[in-house]
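Here's a quick tour for anyone meeting this structure for the first time. Have a look at it below, and then we'll walk through a few spots.

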Amino acid sequence: MDSTVLDIGCGDGSLTTKIFKEIIPNCKTITGCDISEDMIRFANEHFASDRVNFTTLNIEGELPDQLRERFNHAISFFAINWCRRQETTFQNIYDILKDQGSCFAIIVEKFTLFDAYRNLANTEKWKQWVIDVEKYISPYHDSQDSLKEMQHLLGKIGFTIKKLEHKTIVHDYEKQENLKGALMSVVPFKIPDELYDDFFIDLSKEIQMLDTKKYNYKKSTNDSVLNVQILVLYAEKSSYV
Ligand SMILES: C[S@@+](CC[C@H](N)C(=O)[O-])C[C@H]1O[C@@H](n2cnc3c(N)ncnc32)[C@H](O)[C@@H]1O
């Protein structure tokens, strides 16, 4: 009630708006931010209103002064895993928050898609397109103990952790067509149009193989299912330590 909320890595703004309407309609304002100018332009054109606004921000870059201690709450979904500089990212989130502010985030941890990128980058067929893969892989994908890593990082910055846990999301897209849309929307590589369908087939085969052999998941892309391991985090900023 009456609080200011920042949604970090808001993408096209649709989720920000849904959260505002369905979960926190009484907040004072909700601001979506994203590194992508295209996303913010789209969000402003389609979803901006009196209490919903969107702005460009790189959360792992230099924080503009006017954003310091501006928000009561920061939320972020499937975006912080894109940031290479995790310490700067969380320091910025800390600095953006007012005292007693909180951060709730869902961060992709381990995802078969990342292993599939690495495998396809080593094939003659795809290595020309599947490049710079490490840039797109979650910093926690290879971690042996991501909870410990995260605890250490947040503690160092000054956050008080209220909740930190792993979860596995098993998302059933019901049809191959839906799975293709969802999967290909996060693939960052510039695959030529004429190879797009072929790329999806190889990528989903690779995920199917890894899901079964490496992670022992029961269902995978053959059943139009994606499995994603996530970190769920809820932490507070308090000035007394
Ligand atoms: C997978 S989308 C998630 C969008 C939305 N949160 C959702 O769950 O529907 C990740 C978003 O994070 C944004 N992003 C990546 N790096 C970022 C950064 N350093 N600062 C702000 N946004 C970033 C991307 O541009 C992208 O729009």
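Let's start with Thr160, which counts as partly exposed because it has 13 C-beta neighbours inside 10 Å. For that label, 20 or more other C-beta atoms within 10 Å make a residue buried, 12 or fewer make it exposed, and anything in between is partly exposed, with C-beta atoms placed from the backbone. Keep in mind that this is a predicted model, where local features need pLDDT of at least 70, side-chain atom pairs count only at pLDDT 80 or more, and totals for chains, interfaces and linings use all residues. Numbering runs from 1 along each chain as its sequence is written.

Thr160 lies in strand 6; strands (E, at least two residues) and helices (H or I, at least four) are DSSP runs, numbered from the N terminus. Leaving out residues up to four places away in sequence, Thr160 touches Ala235, Glu236 and Ser238, where a contact puts two C-beta atoms, placed from the backbone, within 7 Å. Glu236 is 76 residues away along the chain, yet the two C-alpha atoms are separated by 5.1 Å.

| Strand | Partner | Sense | Bridges |
|---|---|---|---|
| Strand 5 (residues 97-111) | Strand 7 (residues 225-237) | antiparallel | nine bridges |
| Strand 6 (residues 159-172) | Strand 7 | antiparallel | 13 bridges |

Within these pairings, Phe104 has Tyr234 of strand 7 as its bridge partner, and Thr168 stands opposite Gln229 in strand 7.

Lys214 is exposed, because 11 other C-beta atoms lie within 10 Å. From Lys214 to Asp115 is 99 residues in sequence and 9.7 Å in space, C-alpha to C-alpha.

Now for helix 2 (residues 37-47), whose buried residues are Ile40, Ala43 and Phe47. They cover an arc of only 75° around the axis, so they end up on the same side of helix 2; the arc is taken over the directions from the helix axis to the C-beta atoms. The buried residues pack against helix 1 (14-22), strand 2 (29-34) and strand 3 (52-56). Turned away from that buried side is a face with the exposed residues Glu37, Asp38, Glu45 and His46.

Terms used. Pairing = 2+ DSSP bridges.
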